[in-house]
Amino acid sequence: MIFGIKSVHLYSILISVISLKTLIMRDSQILISKSNVIDNYNIIKKHANNMEIAPVIKANAYGHGANLLSGIYQELNCRMVIVAYLEEAIEIRNSGYTNDIMLLTPPLNYDIKDIINCNLETTIAEEETAFLLNEHAKALNKTVKVHIFLNSGMNREGKRPEDILKFTKYLSTLKYLKIEGLISHFAASDVVDNMFNTYQINQFKKSLFLLKSNGFNIPKIHIHNSSSLFNYPDSEEQTVFNLYRAGITSYGLLSNSTLAESVGLKPVLTLKSNVHHMIEIRKGETCGYNFNFHANSDGYLAIIPIGYADGLSRNLSNKMRVIINDKYYKVAGYISMDLIIIDVGVDPVKLGDEVIFIGKSNSKEITVYELAEYQGTIPYEITTSLSHRLPRILV
Ligand SMILES: Cc1ncc(COP(=O)(O)O)c(C=O)c1O
């Protein structure tokens, strides 16, 4: 009998350890809608005419989870994804992604060996790096595909148009490099009717013509990013380019919500949590750090286990709102590192109720654009700030 009690006890400990393991995921989570990712991809494809789509999944897929997104794009038979840095490519490779990856940021010399080992394509903008890349590729008897970065006016990366032929000629002497692409980037593609875009396209076309007339037929020609595709949908320039780097559009966003909605893009991300604790507060009392909120009346505060360490900036304190039970509530006081306080007044909010930070309930919605506005920034910064501490779950 004693043995029986003991074994029941051991059994229940075992069960609770197992369930602890399965329940260990935080309540604060990012949900990623797979069907919206696929719908966005198809919308982009339709607008991109015959251009190949290369989703940009740098910065942890703009905060959405690079491993999840690369898996979806592999299922969609997308040939290539784009990241900024080598570490990002390695993470994706380690998750089992086997299609092509391009590094967007011209590599630093210490990255070079691993670019070859991980079988990556890369942009290139320096003779010295090209030389070292070629030497390492030669030693391993491999060929590395490179995309020449043209500085068409943004002055952030690349060779100037007047130097592009000399650089390309030099690259062509490096037998273990294959010139795969010519790439440039717009300085202000989200500004409609911006003459600088036309200037950059003209600089690009002139350089392309120069290279062609010197016998360089480069397979992949790319300048377009999210906004430029939708701001210049029918431009004849699109026929010059055959690869489209789809960044924020892949996540259903653009720098402006009206354009994103008008083309049918669907936001992919929901950020949610649960009420973990309820605190009673009396009129005149304060809550949180540094007395930044004063209660106007007796009521309750809901405490949510998410904070600025998860990417909800402290600048959103006393500004942002959340949705609980299909109703908006405001954040009270300063956002802490791990916790946020919500003023729920005397409403019947209870432990375990769902709290939406970004996303939709039955009749309410909080968008990435709304948070960007409160924070005085762009949607890109809101999603890329969401930290690795938050689990990403495909739904
Ligand atoms: C060189 C380059 N290409 C493409 C992109 C993707 O831009 P978007 O997210 O606007 O599509 C970026 C984004 O930072 C970039 O730096």
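The legends below describe close-up views of one predicted model. Residues are numbered from 1 along each chain as its sequence is written. Because the model is predicted, local features need pLDDT of at least 70 and side-chain atom pairs count only at pLDDT 80 or more, while totals for chains, interfaces and linings use all residues.

**View 1. The two domains of the protein.** Domain 1 covers 34-255 and domain 2 covers 269-366, with bounds that come from an automatic or database domain assignment. The centres of domain 1 and domain 2, taken over C-alpha atoms, are separated by 41 Å.

**View 2. The packing of helix α4 against helix α5.** Helix α4 (residues 66-75) packs against helix α5 (residues 86-94) at an angle of about 65°, and their axes are 9 Å apart; helices (H or I, at least four residues) and strands (E, at least two) are DSSP runs, numbered from the N terminus. Axes are lines fitted to C-alpha atoms, for helices over the stretch in contact, and angles run from 0 to 180 degrees between N-to-C directions. The crossing of α4 and α5 is right-handed, that is, the near helix is turned clockwise from the far one by less than a right angle. Ala-66, Asn-67 and Ser-70 of α4 make the contact with Glu-88, Glu-91 and Ile-92 of α5, where contact requires C-beta atoms, placed from the backbone, to lie within 7 Å. These contact residues divide into 2 nonpolar, 2 polar and 2 charged (Ala, Val, Leu, Ile, Met, Phe, Trp, Tyr, Cys and Pro count as nonpolar, Asp, Glu, Lys and Arg as charged, and the others, Gly among them, as polar).

**View 3. The antiparallel pairings of strand β12.** Strand β12 (residues 299-304) runs antiparallel to β11 (residues 277-281), joined by 5 bridges, and His-277 stands opposite Ile-303. β12 also pairs with β15 (residues 340-345) in the antiparallel sense over 5 bridges, with Tyr-300 opposite Gly-345.

Definitions and conventions. Contact = placed C-beta atoms within 7 Å. Pairing = 2+ DSSP bridges.
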